[in-house]
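Take each task, try it yourself, then follow the solution.

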Amino acid sequence: MLDLESSPMVGRGLHRACYVHPRNGNLCVKVLFPLESREPLIEAERETSYYRVLKKRGVPWTMLPEFHGEVETTRGKGYIFDLIRDEDGSVSKTLRDYLSSPRQAERYADALSAAFDLLRDYLLQWKIITMTIKAKNILYQRISETEGRLIIVDNIGNSDFIPICDHVGFLAERKIRRKWRRFEDLLLEEYPQSDFVRKKFRR
């Protein structure tokens with residue numbers, strides 16, 4: 001059993017918390033909060049199942065953290081993923097952190113703009129289905145002062161009752177483009193004062 005009691009928490013969502021793996025600083029462990037319903041567990045199982053599908057398809061883990069399996073922990077069942085760190089070794093911050101700071105968004109504007117395009121193309125090329133894409137579920141990994149990439153760390157998978165998009169490429173592409181468009185609209189709605197967002201996604 002993995003002891004997480006002394007491990008730093010690096011992220012917290014509605015249903016899960018994420019801790020640094022106590023034996024490997026390049027990994028993290030996601031655990032569910034005490035369940036009030038089965039929905040969070042269903043979501044976690046859907047996500048890990050989809051990661052296994054992606055692994056079989058040979059998807060490169062450039063803009064998704066690789067999934068390394070499940071483990072029992074002192075905080076319940078855990079799911080092990082890569083821990084995304086910047087070039088200086090610090091844990092990468094969320095896209096929301098950057099977009100909420102005009103100074104940071106301006107400083108990394110060119111790199112962020114390129115990273116958005118690369119993420120969209122990555123999802124389309126590898127036909128990766130997501131749930132709702134949100135800035136809080138994406139990390140910006142700084143590779144250098146002028147280069148970085150966006151990495152989706154939550155809400156991966158297809159919730160369709162019959163997930164036909166997982167097997168039909170052109171349907172997957174249509175779904176991805178539709179969700180990306182909603183993502184752009186959401187950013188415009190959430191960050192109306194951001195010069196970067198307005199310039200990047202102006203209609």
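Buried means under 20% relative accessible area, exposed over 50%, and partly exposed in between (1.4 Å probe, protein chains only). The model is predicted, so local features need pLDDT of at least 70 and side-chain atom pairs count only at pLDDT 80 or more, while totals for chains, interfaces and linings use all residues. Residues are numbered from 1 along each chain as its sequence is written, and side-chain values use heavy atoms, with hydrogens and water left out.

**Exercise 1.** Decide whether F81 is buried or exposed.

*Solution.* F81 has 1% relative accessibility, so it counts as buried.

**Exercise 2.** Classify the ring pair of F67 and F81.

*Solution.* Start with the rule: rings of Phe, Tyr and Trp (its six-membered ring) pair if their centres lie within 6.5 Å; planes under 30 degrees apart count as stacked, over 60 as edge-to-face and the rest as tilted. For F67 and F81, the centres are 5.1 Å apart and the planes stand at 40°, so this pair is tilted. Strands here are DSSP runs (E, at least two residues), and helices are runs of H or I with at least four, numbered from the N terminus. Finally, F67 is buried too, because its relative accessibility is 7%.

**Exercise 3.** Classify the pair of Y98 and Y108.

*Solution.* The centres of Y98 and Y108 are 5.7 Å apart with 80° between the planes, an edge-to-face pair. Y98 belongs to helix α2 (residues 95-99), and Y108 to the loop between α3 (102-107) and α4.
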